[in-house]
Amino acid sequence: MEKINVIKVGGAVVEDEHQLDRLLKDFSAIEGRKVLVHGGGRRATKVAAQLGIETQMVNGRRVTDKEMLEVVTMVYGGLVNKNVVARLQAEGVNALGLTGADMDVIHSHKRPVKDGIDYGFVGDVDKADGDMLHTLIEAGVVPVMAPLTHDGHGDILNTNADTIASETAKALAKHYDVTLTFCFEKKGVLANPDDDESVIPVINNELFHTYVADGTISGGMLPKIENSLDAIKAGVEKVVITKADALGTESGTVIVN
């Protein structure tokens with residue numbers, strides 16, 4: 001099968017003009033088929049604060065009431081997504097910005113209340129349409145996916161960007177040999193958050209649970225690795241967690257089955 005790279009870039013990189021510019025140039029230089037998935041949580045938090053809307057996070061996930069849903073829809077689907085698309089076009093990449101609602105690419109349901117926590121308008125993915133994405137990609141389009149999905153009943157749902165990347169990679173695995181790369185501000189998963197050189201080279205399911213139990217892995221890194229392990233189990237060839245400026249290199253943390 002043909003190879004494809006699914007690259008996810010985090011909100012901290014999106015916020016930093018220098019890092020974002022470097023990443024988009026590196027992404028543009030990747031040959032062959034590719035997909036870019038972006039976050040934007042820090043920008044959403046900033047815009048929400050400017051509007052007097054409080055941000056609440058639980059285990060790295062954003063609680064999304066109706067006011068916050070309006071903010072993330074504007075920021076993720078508009079401000080961030082179209083800025084990235086325009087800059088990729090300037091690099092000669094025929095990019096198309098998508099949310100999960102566009103062409104029913106990613107369909108979700110509203111997350112139920114669990115352990116007393118109501119996440120509001122947060123989506124848990126039911127299915128991603130790899131066939132539709134395959135059609136676009138084979139037509140020469142590079143999808144740029146925002147972390148928003150829909151429920152089929154007219155509601156937009158805020159959905160973790162790592163989940164979007166993982167579900168996209170899984171859906172494309174029947175068409176391509178998929179490498180999924182999570183790019184963020186660190187060199188990989190760190191054993192010591194205060195030591196940028198303490199990169200854990202390999203993580204499997206057993207090690208993951210050990211690191212969670214002893215507190216090495218917590219917060220926003222939890223869903224990132226959970227999604228990575230799910231992707232590997234579903235047939236994704238390779239998952240890498242690395243620094244944004246290391247895209248295309250062999251550095252970082254590799255997730256294995």
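## Cores, sheet and salt bridges

In this predicted model, the largest nonpolar core comprises 41 residues, and those with the most contacts inside it are Leu172, Val178, Leu180, Ile203, Ile217 and Ile225. Such a core is a set of buried Ala, Val, Leu, Ile, Met, Phe, Trp, Tyr and Cys residues joined through side-chain atoms within 4.5 Å; buried means under 20% relative accessible area, exposed over 50% and partly exposed in between (1.4 Å probe, protein chains only). Helix H8 (residues 221-233) supplies the largest share of this core, 6 residues. A second, separate core of 35 residues includes Leu23, Leu24, Val71 and Ala95.

An open sheet of mixed pairing is formed by 8 strands in the order S5-S8-S2-S1-S11-S13-S14-S12. Helices (H or I, at least four residues) and strands (E, at least two) are DSSP runs, numbered from the N terminus, and two strands pair if DSSP finds at least two bridges between them. Strands S1 (residues 3-9) and S2 (residues 33-38) run parallel and are joined by 6 bridges; Val6 stands opposite Val35 in S2.

The model has 15 salt bridges, each a side-chain nitrogen of Lys or Arg within 4 Å of a carboxyl oxygen of Asp or Glu.

| Pair | Closest N to O |
|---|---|
| Asp26 and Arg22 | 3.2 Å |
| Arg42 and Glu185 | 3.4 Å |

Asp26 and Arg22 both lie in helix H2 (residues 17-29), 4 residues apart. Asp124 is partly exposed at 22% relative accessible area, whereas Arg111 is buried at 14%.

Residues are numbered from 1 along each chain as its sequence is written, and side-chain values use heavy atoms, leaving out hydrogens and water. Local features need pLDDT of at least 70 and side-chain atom pairs count only at pLDDT 80 or more, while totals for chains, interfaces and linings use all residues.
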